[in-house]
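Here are a few exercises to work through with the model open beside you. Take each task first, then compare your steps with the solution.

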Amino acid sequence: MLEARDLECVRGQRQLFAPVSFVTQPGDCYEVKGPNGSGKTSLLRMLCGLLPPTRGEVLWRGAPVSERREEYRAAITYVGHRPSVKQELTALENLLVSTALSGWDVSRHAARTALARLGLKGLEDMPGRRLSEGQQRRVALARLVACPTPVWFLDEVQAALDDTATRVITEVIEEHLADGGVAVIATHQPLDFVRHLSCRIELAA
Amino acid sequence: MTRRSPASLLRWLVWRDVTLAWRRRSDVFATLLFFVMVVTLFPLGVGPDTELLRAIAPGVVWVAALLAAMLSLARLFTEDHADGTLEQMLLTPQPLALVVGAKVLAQWLVSALPLILVAPIVAVQFGLWLDAPLVLTMSLVLGTPVILLVGAIGAALTLGLRGAGSLTSLLVMPLCVPTLVFGAGAVQGVVVSGAAEANLRLLAALLILAVLFAPWAAATALRISLE
């Protein structure tokens, strides 16, 4: 489905990582590992099209993503390390707006269900500024439940999450993989919680 | 769960930005208050010379509106950039220009529309009566979206830079000169000779140009700024 060909990243004068290539099949989970500053976030941003690669290209269903940009964007969900939760909007409103941005029409009921799955039942109408960091993170991750896109890019997925939330998000990721989805997860912590990890991309410092 | 149409995304984004602005009204009122204060300072400073006040009124009101718009431009993208929402906007399957258009429209509703409604009232201090306030309102309705649209390009280009606010003003203000000239000229025309149509038509032409090109330019600038 998703293919990376010789992706290279040069920031300023420094080469962040050596050429990275991989081909994903439905159900694949890729773990991007490496110390701080090794370019994990840059690689994810490159894969989802936020950052043009210095060299190499990203292919979606066999064609460069630049040729089928809209189709590709509709197929991916990117959850960055910033929660993108608006302080003045409630948890539910935040989720509805972000699903609209992802191009999905999600009913209020479906959005509430997604929030409840992430353990935010009863907090739907709480404004973002009164949610803790972990709870804001859960609102951002609820998008994964609400919008069933085939490819997920997750940056530091367990950051600020407690054990229960980590378990829930593990289940969500495993269901996604079982349904034939693809996940690319950047982390510097061991990611042994996803059982069928297909591949590891190691980035050197 | 189905796919959204572009119109629905536009509605959601405008709703979001207007709701955000409404829930922190102080920012909106600060811009409005700035406009009212600047316009009011002139009659106080210049003195009660009716002829002189009528002569400077169009320029004063228009410059104040331009400066107020510059103030509000600083906020256009910075907050969405800081909390990561802007990255999500860049990844939407809909054209990014649509997102920019929605943000500018919302910005116009919350920062320019109150100003336009107040303008005929503050213009009374300059002795602008009869059809001059009407032309003033029309010129602002046509001109303020142009300022915001051109400003969006500047705000997108300077996103994430140090001193982005003043840099945006430096970039955008020269580009707003035609709008200022035609806008103030329309009001001046009606005060002096009763003819404002030519200037209003020119403003309308500027607005059409800005609507057609500015969102795409700003979208491209945003992509470059966020690399």
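**Exercise 1.** Which residues in α3(B) meet which residues in α9(B)?

Before starting, note that this is a predicted model, where local features need pLDDT of at least 70, side-chain atom pairs count only at pLDDT 80 or more, and totals for chains, interfaces and linings use all residues. Residues are numbered from 1 along each chain as its sequence is written, while chains are lettered from A and ligands numbered from 1 in the order in which they are written.

*Solution.* 
- Step 1: find the helices (DSSP runs of H or I, at least four residues, numbered from the N terminus). They are α3 (residues 50-73) and α9 (residues 177-192) of chain B.
- Step 2: look for contacts (C-beta atoms, placed from the backbone, within 7 Å). From α3(B) come B:R54, B:P58, B:G59, B:W62 and B:L66; from α9(B) come B:L180, B:G183, B:A184, B:V187, B:Q188 and B:V191.

**Exercise 2.** At what angle do α3 and α9 of chain B pack?

*Solution.* 
- Step 1: read off about 150°, with the axes 9 Å apart. Therefore α3(B) is roughly antiparallel to α9(B) (over 145 degrees).

**Exercise 3.** In what order do the five strands of the open sheet in chain A lie?

*Solution.* 
- Step 1: take strands as DSSP runs of E, at least two residues, paired if DSSP finds at least two bridges.
- Step 2: the order is β6-β8-β9-β3-β10, with parallel pairing.
- Step 3: β6 (76-79) and β10 (199-202) of chain A each have a single partner strand, so one side of each lacks a neighbour in the sheet.
- Step 4: inside the sheet, four bridges join β3 to β9 of chain A, and A:Y30 stands opposite A:V184.

Methods. Axes fitted to C-alpha atoms, helices over the stretch in contact; angles between N-to-C directions. Parallel < 35°, antiparallel > 145°, perpendicular 65-115°, else oblique. Contact = placed C-beta atoms within 7 Å.
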